[in-house]
Amino acid sequence: MPQADCRVSPETESETYIGAAPYQSQLGQGMHDIHFITGLPGAYRLIHIMERPKDFLLTYHAHKWYHINYLFTGSVDIFFQGKVLTAHQGEVFILPPYIPHQLSSKTGYSQLGIDVVLANDSRGISRMVQQTFGQEAAVIGIPARSRTFGELYEIAIGRSDFDILRLVNFSEQMLYDLIEIRREGGDSSFKRDFQEMLQSLNPCSTSLQQMADWLGFSKAQLERLCRREFGCGAMEYCAKLKCARCCLLLQTSDKNLREIAEELSFYDESHFSVFFRRCMGVTPGQYRRNFRKQNGRVELVPTGEAAAPGAGK
């Protein structure tokens with residue numbers, strides 16, 4: 001299998017990392033991972049073709065550009081601003097600039113990633129992306145792509161001018177499809193309604209009936225809509241969000257397990273430990289020890305600070 005190839009020029013090293021990035025040590029020799037930086041049109045920082053392994057975790061961080069990622073295989077959970085989105089095979093997740101987010105995947109996944117910079121490029125690509133997506137993170141299903149991940153990776157290995165042209169053409173067609181779908185209102189408003197509801201109701205202690213009443217659905221309708229839009233039921237969605245908050249507190253605070261259990265509405269410390277082990281495969285204490293052994297104690301930058309234009313590394 002070809003060795004991973006990653007070329008990064010100094011001007012591209014501008015990610016605003018809030019914590020360490022533990023994923024690099026998880027990439028085995030079997031992982032495909034290529035960045036294209038040189039030879040791209042002005043709207044693009046890079047095009048990234050990559051795989052991530054099972055049980056992948058990238059801790060909270062932010063970017064100065066739009067992060068647009070199409071999944072060829074697998075799924076990934078995106079945690080941000082007290083919300084969680086799940087992207088599956090055949091979907092694109094879009095992360096606007098300066099929004100702290102964490103990525104995790106039980107299955108692993110492969111993707112084509114495009115970074116669109118905030119710039120006045122000659123073709124107006126950046127402007128269209130900003131006008132279409134604004135500051136809203138989203139997951140959008142798009143028509144099946146004409147090439148598989150493996151085919152695209154083989155193109156990327158070539159690195160000739162023609163290969164770069166083919167890669168840019170593929171990426172831009174995906175971007176145009178996204179813009180067209182969003183402008184025609186093809187993506188569901190249910191996701192936004194559901195996430196707005198969770199800003200008012202505490203997802204750590206809200207029942208299915210309370211959510212259904214709030215949105216004006218029966219419990220069966222709510223479950224059906226959640227499975228269609230998120231790939232899981234409403235309570236499973238809330239459990240993912242609750243687990244993400246557990247991880248964040250274990251990563252960024254010195255609160256003991258009893259304090260975390262109380263803050264996140266568990267019955268007691270034992271209930272918290274059982275829930276967490278079911279989600280993560282280890283106890284909360286083991287998770288904190290393993291994480292800090294690898295990364296140290298992570299300080300979480302407040303969202304307002306991370307969202308300030310010009311934030312540095």
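**Note on a predicted single-chain model**

1. Aspartate 55 is placed in the loop between strand E3 (44-52) and E4, where helices (H or I, at least four residues) and strands (E, at least two) are DSSP runs numbered from the N terminus. The phi angle of aspartate 55 is near 60°, a positive value in a residue other than glycine. The model is a predicted one, in which local features need pLDDT of at least 70 and side-chain atom pairs count only at pLDDT 80 or more, whereas totals for chains, interfaces and linings use all residues. Residues are numbered from 1 along each chain as its sequence is written, and side-chain values use heavy atoms, with hydrogens and water left out.

2. As an overview, the secondary structure of the protein chain comes to eleven helices and ten strands. Of the 313 residues in the protein chain, 52% are buried, a term that means under 20% relative accessible area, with exposed meaning over 50% and partly exposed in between (1.4 Å probe, protein chains only). The accessible surface of the protein chain is about 14500 Å², and 50% of it belongs to carbon and sulfur atoms; these areas come from the Shrake-Rupley method with a 1.4 Å probe, and for residues only the protein chains shown count as cover. Among the contacts (heavy atoms within 4.5 Å) between residues at least 6 apart in sequence, 74% join residues at least 24 apart.

3. The largest nonpolar core has 39 residues, and those with the most contacts inside it are Ile78, Phe93, Phe194, Met211 and Leu222. A core here is a set of buried Ala, Val, Leu, Ile, Met, Phe, Trp, Tyr and Cys residues joined through side-chain atoms within 4.5 Å. The elements that each supply at least two residues of this core include strand E5 (66-80), strand E7 (91-95), helix H4 (190-200) and helix H7 (234-252), and the largest share, six residues, comes from H7. A second, separate core of 36 residues includes Ile68, Val92, Ile125 and Leu175. In soluble globular proteins, nonpolar side chains tend to be buried together.

4. Leaving aside its neighbours within four places in sequence, phenylalanine 93 is in contact with residues including His67, Leu71, Ile78, Leu103, Gln111 and Val139.

5. Strand E4 comes next, since seven of the seven residues of E4 are buried and the strand is therefore largely enclosed by the rest of the structure. E4 pairs with E8 in the antiparallel sense over four bridges, pairing being assigned if DSSP finds at least two bridges between two strands. Within this pairing, the bridge partner of phenylalanine 56 in E8 is serine 105. In the loop between E7 and strand E8 (101-105) lies tyrosine 98, whose phi is near 65°, again a positive value in a residue other than glycine. Tyrosine 98 counts as buried, because its relative accessibility is 14%.

6. The structure holds ten aromatic pairs, where rings of Phe, Tyr and Trp (its six-membered ring) pair if their centres lie within 6.5 Å, and planes under 30 degrees apart count as stacked, over 60 as edge-to-face and the rest as tilted. The rings of phenylalanine 56 and tyrosine 109 form an edge-to-face pair, because their centres are 5.9 Å apart and their planes stand at 80°. This pair links distant parts of the chain, with phenylalanine 56 in strand E4 and tyrosine 109 in strand E9 (residues 109-116), 53 residues apart, and both residues are buried.

7. The rings of phenylalanine 72 and phenylalanine 170 have centres 6.4 Å apart and planes at 20°, so this pair is stacked. Phenylalanine 72 in strand E5 and phenylalanine 170 in helix H3 (residues 161-183) are 98 residues apart. Phenylalanine 72 counts as buried at 9% relative accessibility, as does phenylalanine 170 at 7%. Tyr70, Phe72, Phe149, Tyr153 and Phe170 form one aromatic cluster.

8. Two charged residues lie over rings, which requires NZ of Lys or CZ of Arg within 6 Å of the ring centre and within 35 degrees of the ring normal. Arginine 145 lies over the face of tyrosine 70, at 6.0 Å from the ring centre, and the charged end of lysine 242 sits over the ring of phenylalanine 275, 5.7 Å from its centre.

9. Serine 171 lies in helix H3 and counts as buried at 2% relative accessibility. Leaving aside neighbours within four places in sequence, serine 171 is in contact with Ile47, Leu112 and Ile114. The C-alpha atoms of serine 171 and isoleucine 68 are separated by 10.0 Å, although the two residues are 103 residues apart along the chain.
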